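Please open the model in a viewer and keep the selection tool at hand. The stops below are to be taken in order.

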Amino acid sequence: MPRKIRAVFFDLDNTLVDFLRFKRMCLEGSVEAMIDAGLKIEKDEALRKLYELYEKYGMEYKHIFDDFLRETMGEPDPKILAAAIVAYRQRRISFLEPYPHVIPTLLELMRKGIKLGIITDAPKLKAWLRLCTLKLHHFFKIVVTLDDTGKRKPSPEPFLLGIELAGVKPRECLYVGDREEIDIFGAKKVGMLTCFAKYGGAEYKETVVSDYVIEDFEELLEIIK
Ligand SMILES: [Mg+2]
């Protein structure tokens, strides 16, 4: 007997939004702008260094261009730093988009009376900035961020808070995410049904332990009939 799904929770980055592509576009724009402003470096070399910094400090690191320029040229030239920041901001607005079929699928899920939520490891303001830029902020009444529990997935706390806020039972929830060890294992541990977002670009193994696997966002409508 199939379980009745009353709430669907989503991971944000690489599940609703193609964050890696977005980051790449922003960084490429910044590197081109820094070279244009006078920085002497090959584009590929600059990108490699920037990704190393993100690897070291996390993808939300705020001082990426200061650190990068300090490493590359000593004291950062303010003109070059400003060029990087402006290019990044301009691209941030234009390139942050939901994956195909996200909006019509969310609308249809809402029409069916399904509660929609986000459970993300992003900090609270970053998560809302991303949702507002994507124009997805009206869809989600429940948004659980790193600041709400202080714990990252796959810890149970963020999942349990989402379930509590939705006022449903764990087994009535579906969690959709792109990383098996973080999203799928975490949601499974608290008793949620799980859906692996294969389109998110994480390395997919045939052995992925998820109740469902989707290659396109709209396949959710086949799971939640
Ligand atoms: Mg993700």
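This is a predicted model: local features need pLDDT of at least 70, side-chain atom pairs count only at pLDDT 80 or more; totals for chains, interfaces and linings use all residues.

Residues are numbered from 1 along each chain as its sequence is written.

**First stop: helices 1 and 4**

Select residues 19–36, helix 1, together with residues 78–95, helix 4; helices are DSSP runs (H or I, at least four residues) and strands likewise (E, at least two), numbered from the N terminus. Their axes come within 8 Å and cross at roughly 150°, the axes being lines fitted to C-alpha atoms over the stretch in contact, with angles from 0 to 180 degrees between N-to-C directions. The two helices are therefore roughly antiparallel (an angle over 145 degrees).

Next, show the contact residues (C-beta atoms, placed from the backbone, within 7 Å). Helix 1 contributes Phe22, Met25, Cys26, Gly29, Ser30, Ala33, Met34 and Asp36. Among those of helix 4 are Ile80, Ala84, Tyr88, Arg91 and Phe95.

**Second stop: helix 5**

Move to residues 102–111, helix 5, and select its buried residues, Val102, Thr105 and Leu106 (buried: 20 or more other C-beta atoms within 10 Å of the residue's own; exposed: 12 or fewer). Viewed down the helix axis, these buried residues fall within an arc of 100°, so they line one face of helix 5; the arc is that of the directions from the axis to the C-beta atoms. On the other side, Pro104, Leu107 and Arg111 are exposed.

How values were computed
Angles under 35 degrees count as roughly parallel, over 145 as roughly antiparallel, 65 to 115 as roughly perpendicular and the rest as oblique. Two residues are in contact if their C-beta atoms, placed from the backbone, lie within 7 Å.
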